[in-house]
Amino acid sequence: MYRKLGRKSSVRKSMLAGITKDVIMNEYVVTTEARAKEVRKFVDKMITYGKDGSLVSRRRALAFVNNDKAVVDKVFNELAPRYESRNGGYTRIIKLNERKGDDALTVRLELVQ
């Protein structure tokens, strides 16, 4: 099951890909709890692709992040070796506080060191 996040499928996929790129490049992002829980799946999948290291995995990763080669290079060259001995659970969610405008719970989604 997945969360629709109040958006149509094309907009939702684009948003999740963008947040996934931000997490990989900056190693953290501050967002709402629902978005973070959904993005966590894709970040873990991208790092798993990097650990596999095959050409097929690289192409799948490129397809997900809309051919952003800098993101895929970071996954395959930096993050995959870092998590070589780890079998999943590459991200952590830290609850922060409620957003002022709509009272949504904000969290920090970050990569585990």
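Colleague: Is tyrosine 2 buried, partly exposed or exposed, and why?
Modeller: Burial is read from relative accessible area: buried means under 20%, exposed over 50%, and partly exposed in between, with a 1.4 Å probe and protein chains only. Tyrosine 2 counts as partly exposed because its relative accessibility is 47%. This is a predicted model, in which local features need pLDDT of at least 70 and side-chain atom pairs count only at pLDDT 80 or more, while totals for chains, interfaces and linings use all residues. Residues are numbered from 1 along each chain as its sequence is written, and side-chain values use heavy atoms, with hydrogens and water left out.

Colleague: Where does tyrosine 2 sit, and which residues does tyrosine 2 touch, not counting residues up to four places away in sequence?
Modeller: Tyrosine 2 belongs to the segment before H1. A contact means heavy atoms within 4.5 Å. Leaving out residues up to four places away in sequence, tyrosine 2 touches Arg12, Glu38 and Lys41. Serine 54 is 52 residues from tyrosine 2 in sequence, and the C-alpha to C-alpha distance between them is 28 Å.

Colleague: How many helices and strands does the protein have, and in what order do the elements run from the N terminus on?
Modeller: Elements are DSSP runs numbered from the N terminus: helices are H or I with at least four residues, strands are E with at least two. Here there are four helices and three strands, in the order α-β-α-α-α-β-β from the N terminus on. The radius of gyration of the protein is 14 Å, close to the 13 Å that the globule rule gives for 113 residues, so the protein is as compact as a globular protein of that length. That radius is taken over C-alpha atoms, and the globule rule is 2.2 Å times the number of residues to the power 0.38. The C-alpha trace spans about 45 × 30 × 25 Å along its principal axes. Of the 113 residues, 39% count as buried.

Colleague: What is the order of the strands in the open sheet?
Modeller: Two strands pair if DSSP finds at least two bridges between them. The open sheet of three strands has the order E1-E3-E2, with antiparallel pairing. Strand E1 (28–32) and strand E2 (91–98) are the edge strands, each pairing on one side only. From one strand to the next, the twist averages 25°. Axes are lines fitted to C-alpha atoms, for helices over the stretch in contact, and angles run from 0 to 180 degrees between N-to-C directions.

Colleague: Which bridges should I look for between E1 and E3?
Modeller: E1 pairs with strand E3 (residues 105–111) in the antiparallel sense over five bridges. Valine 30 has arginine 108 in E3 as its bridge partner, and threonine 32 is opposite threonine 106 in E3. Helix H1 (residues 9–26) packs on the sheet and touches E1 and E3, its direction making about 145° with that of E1. E3 is mostly covered, with five of its seven residues buried.

Colleague: How many bridges join E2 to E3?
Modeller: E2 and E3 run antiparallel and are joined by six bridges. Threonine 91 is opposite leucine 111 in E3. The hairpin of E2 and E3 has six residues between the strands, and aspartate 103 in this hairpin takes a positive phi near 65°.

Colleague: How many aromatic pairs are there?
Modeller: A pair of aromatic rings is described by the distance of the centres and the angle of the planes. Rings of Phe, Tyr and Trp (its six-membered ring) pair if their centres lie within 6.5 Å; planes under 30 degrees apart count as stacked, over 60 as edge-to-face and the rest as tilted. The count comes to two aromatic pairs. Phenylalanine 42 and phenylalanine 64 are stacked, at 5.0 Å centre to centre with 15° between the planes. This pair links distant parts of the chain, with phenylalanine 42 in helix H2 (residues 33–52) and phenylalanine 64 in helix H3 (residues 55–64), 22 residues apart. Tyrosine 83 and tyrosine 90 form a tilted pair, at 5.2 Å centre to centre with 50° between the planes. Both tyrosine 83 and tyrosine 90 are buried.

Colleague: Which ring does arginine 108 lie over?
Modeller: A charge sits over a ring if NZ of Lys or CZ of Arg is within 6 Å of the ring centre and within 35 degrees of the ring normal. Arginine 108 lies over the face of tyrosine 28, at 3.9 Å from the ring centre. Arginine 58 lies over the face of phenylalanine 76, at 4.3 Å from the ring centre.
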